[in-house]
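Let's walk through this structure together, from the overall fold down to individual side chains. Keep the viewer open as you read.

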Amino acid sequence: MTTAQPLDVQPTPLALLLLGREADPKSERGVECPGDLPSPSDPDLVERARAAKEKLGDKVFVLGHHYQRDEVIQFADVTGDSFKLARDAAARPEAEYIVFCGVHFMAESADILTTDDQKVVLPDLAAGCSMADMATAEQVAECWDVLTEAGIAEQVVPVSYMNSSADIKAFTGKHGGTICTSSNAKRALDWAFEQGEKVLFLPDQHLGRNTAVREMGMTLDDCVLYNPHKPNGGLTVEQLRDAKMILWRGHCSVHGRFSLDSVEDVRARIPGVNVLVHPECKHEVVAAADYVGSTEYIIKTLEAAPAGSKWAIGTELNLVRRVAAAHPDKEVVFLDKTVCFCSTMNRIDLPHLVWALESLAEGNLVNRIQVDKETESFAKLALERMLALP
């Protein structure tokens, strides 16, 4: 039986600062990345969380995203990616409170899919998503005006990644589009191209590009990048008219940091390593990898891998650590040396969770995430189109 070997993982000072703790980057090693997170929570907090959750009983349903830290995940009733968790919440109508240990757009999706009687709580309202924040309702409305002036809006079908705000989902639904996840992006794009000639893909450029080129046979020239910070998106009318995929200039701050150098470096250091990355990574990283897939795909691939196999994984480090711990018979390392945890995901810590649960147990509703009815209606329409995909 082999065990995971240490890999130099050196978080940037900024990443450590965002996580609320400084450390010497030269001291960080392996998927454990010691020193980058605050020390383990006070044991009293663990007991308080258990007591509050027990007091609430069936009235509360706790969702834990895969990227959450272990001290939070231990209290989750279910774990998964954002869409799976939202659907799990909708399947528990008896739960009055849905506590979503994730980020803001995920809690919004849960509110959209659950009943009016259910209340969705986000333990820390500062837990956002940089990718979702890269596309605002005003910017996307302006983009649609640009497409209209170019005479192509009627040919364009918007497809928005699940990792987007409720406002963007509503825009998508209102304009005849659908939502996608990293697992069904190709199915969503196939559907979209049956409805129109072009796709506006929001907000993650990399998932859109990787799906179009790797899975649908398009070329990089079929894709253009719309930059909301430039006039007309930084594109000419001719470029817009020639493009099949109009990609929004957005990305995941964690996955976007992986580089081709990371892949080449790990291959040089670990002969026979399998490189497994998320499709939110850059196109050159995905092209150089051996396996590409969603969070659930990554988990299942490691579960099916033979003992003794070697894996370098390009996704958020909390998940990599958890997968490595679950498979001590395989060598599992983090792909990069300078990326650690998603700082916004890690805002949901045990003190915030305890506060939320104890407040609910005392009858005080805190940090409720509630989408207005009009936005919810159009966003739900887009989500329902996704659910109806073949």
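The paragraphs below move from the whole protein to a helix, then to charged side chains.

First, some ground rules. This is a predicted model, in which local features need pLDDT of at least 70, side-chain atom pairs count only at pLDDT 80 or more, and totals for chains, interfaces and linings use all residues. Residues are numbered from 1 along each chain as its sequence is written, and side-chain values use heavy atoms, with hydrogens and water left out.

Start with the overall picture. The secondary structure comes to 17 helices and 14 strands, where helices (H or I, at least four residues) and strands (E, at least two) are DSSP runs numbered from the N terminus. Of the 390 residues, 58% count as buried; buried means under 20% relative accessible area, exposed means over 50%, and partly exposed lies in between, with a 1.4 Å probe and protein chains only. The accessible surface comes to about 16200 Å², and 49% of that belongs to carbon and sulfur atoms. Such areas come from the Shrake-Rupley method with a 1.4 Å probe, and for residues only the protein chains shown count as cover. Among contacts (heavy atoms within 4.5 Å) with a separation of 6 or more, 67% are between residues 24 or more positions apart.

Now turn to helix 14, residues 295-304. Which of its residues are buried? They are Thr295, Glu296, Ile298, Ile299, Thr301 and Leu302. Their cover includes strand 2 (78-80), helix 4 (82-90), strand 10 (274-277), strand 12 (310-314), helix 15 (317-326) and strand 13 (331-334).

Helix 15 also holds Arg322, which counts as partly exposed because its relative accessibility is 22%. Leaving aside residues up to four places away in sequence, Arg322 touches His66, Gln68, Arg69, Asp70 and Ile73. Arg322 and Asp70 are 252 residues apart along the chain, yet their C-alpha atoms are separated by 8.2 Å.

Side chains of opposite charge can pair when their charged atoms come close. The whole structure has 14 salt bridges, each a side-chain nitrogen of Lys or Arg within 4 Å of a carboxyl oxygen of Asp or Glu. In one of them, Arg69 pairs with Glu71, with the closest N and O atoms 3.7 Å apart. Arg69 is buried because its relative accessible area is 9%, and Glu71 counts as buried at 16%.

Other pairs sit within a helix. Glu47 and Arg50 form a salt bridge at 3.0 Å, N to O; both belong to helix 2 (residues 43-56), three residues apart, about one turn of the helix. Glu47 is partly exposed at 46%, and Arg50 is partly exposed at 43%. In helix 17 (residues 373-387), Glu376 and Lys373 are likewise three residues apart, and their side chains meet in a salt bridge of 3.8 Å, N to O. Here Glu376 is buried at 13%, whereas Lys373 is exposed at 52%. Elsewhere, salt bridges that share partners join Lys59, Glu96 and Lys119 into one network.

Finally, look at the surface, where Glu138, Asp167, Asp372 and Glu374 gather in a patch of negative charge.

How values were computed:
Patches are made of residues with over 30% relative accessible area and no salt bridge: like charges are joined within 9 Å, nonpolar side chains (Val, Leu, Ile, Met, Phe, Trp, Tyr) within 5 Å. Lys and Arg count as positive and Asp and Glu as negative; His and the chain ends are not counted. The place of a charge is taken as NZ of Lys, CZ of Arg, CG of Asp or CD of Glu.
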